[in-house]
Amino acid sequence: MPPNPPSAPSKEIHVFPNPAPERDYVIQFQVPEFTCHCPLTGQPDFAHFTIDMIADEYCVELKSLKMYFWSYRNEGAFHEKVTNTILDDIVKVTNPRYIRITAKWYVRGGIYTNVVAEHRKKGWKPLPAVDIPSHSFESGLLR
C-alpha cells in the first residue's frame with residue numbers, strides 16, 4: 001500500500017471555523033462533474049451544481065466536499081431527492097445563515113431539469129443590496 005493512498009468517496013463533510021463571522025459574504029462552490037444514476041433505468045445522470053452559501057460559524061472544507069459529491073457516483077436517486085439531500089447534509093454540519101443549491105441536470109430524453117433548493121437560518125435577514133452604477137470602460141485614450 002502506498003504511504004498516501006488515494007482518497008475515497010465519503011458522506012462525511014468536514015468544516016472549519018469561519019474566518020470572518022462578523023460579516024455576510026458569499027462562498028460559491030461550482031461542481032461541474034456530478035454523477036449519479038437513475039434509480040429506474042440505471043443510466044448515468046450528470047449535473048452541474050452551484051452552491052451559494054453565507055456561512056455563520058463554519059465553512060465547508062473543500063476536499064471533504066469533493067469526496068462527498070464523489071460518493072453519489074454509484075447511487076441511484078431522483079434529481080429532486082439528491083439536490084435536497086445535499087442541501088440538508090451541508091446545513092446539518094454548517095448551520096449557515098443562508099444557502100442555495102442549484103442543480104442543472106444534463107439532458108435526459110430531451111428534457112433538461114433544474115432543481116433549486118435553499119435554506120435560511122431562522123431570524124437571519126440579508127443586508128439590503130447595494131446598487132453600484134455601471135460605467136463604461138475607460139482606456140485613457142482620446143477617441
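User: What order do the strands of the open sheet have?

Analyst: Strands (E, at least two residues) and helices (H or I, at least four) are DSSP runs, numbered from the N terminus. Two strands pair if DSSP finds at least two bridges between them. Here, 4 strands form an open sheet in the order β2-β3-β5-β6, with antiparallel pairing. Its edge strands, β2 and β6, each pair on one side only. From one strand to the next, the twist averages 15°. This is a predicted model: local features need pLDDT of at least 70, side-chain atom pairs count only at pLDDT 80 or more, and totals for chains, interfaces and linings use all residues. Residues are numbered from 1 along each chain as its sequence is written, and side-chain values use heavy atoms, leaving out hydrogens and water.

User: How many bridges join β5 to β6?

Analyst: 9 bridges join this antiparallel pair. In it, I101 stands opposite A117 of β6.

User: Which strands does α2 touch as it packs on the sheet?

Analyst: Contact means heavy atoms within 4.5 Å. Angles run from 0 to 180 degrees between N-to-C directions, with axes fitted to C-alpha atoms, for helices over the stretch in contact. α2 touches β2, β3, β5 and β6, and its direction makes about 155° with that of β5.

User: How many residues does the largest nonpolar core have?

Analyst: Such a core is a set of buried Ala, Val, Leu, Ile, Met, Phe, Trp, Tyr and Cys residues joined through side-chain atoms within 4.5 Å. Buried means under 20% relative accessible area (1.4 Å probe, protein chains only). The largest has 29 residues; F34, F49 and I86 are among those with the most contacts inside it. Elements giving two or more residues include α1 (62-70) and α2 (79-94). Not counting residues up to four places away in sequence, I86 touches F34, F49, Y68, F69, Y72 and I101.

Methods
Buried < 20%, exposed > 50% of the residue type's maximum accessible area, 1.4 Å probe, protein only.
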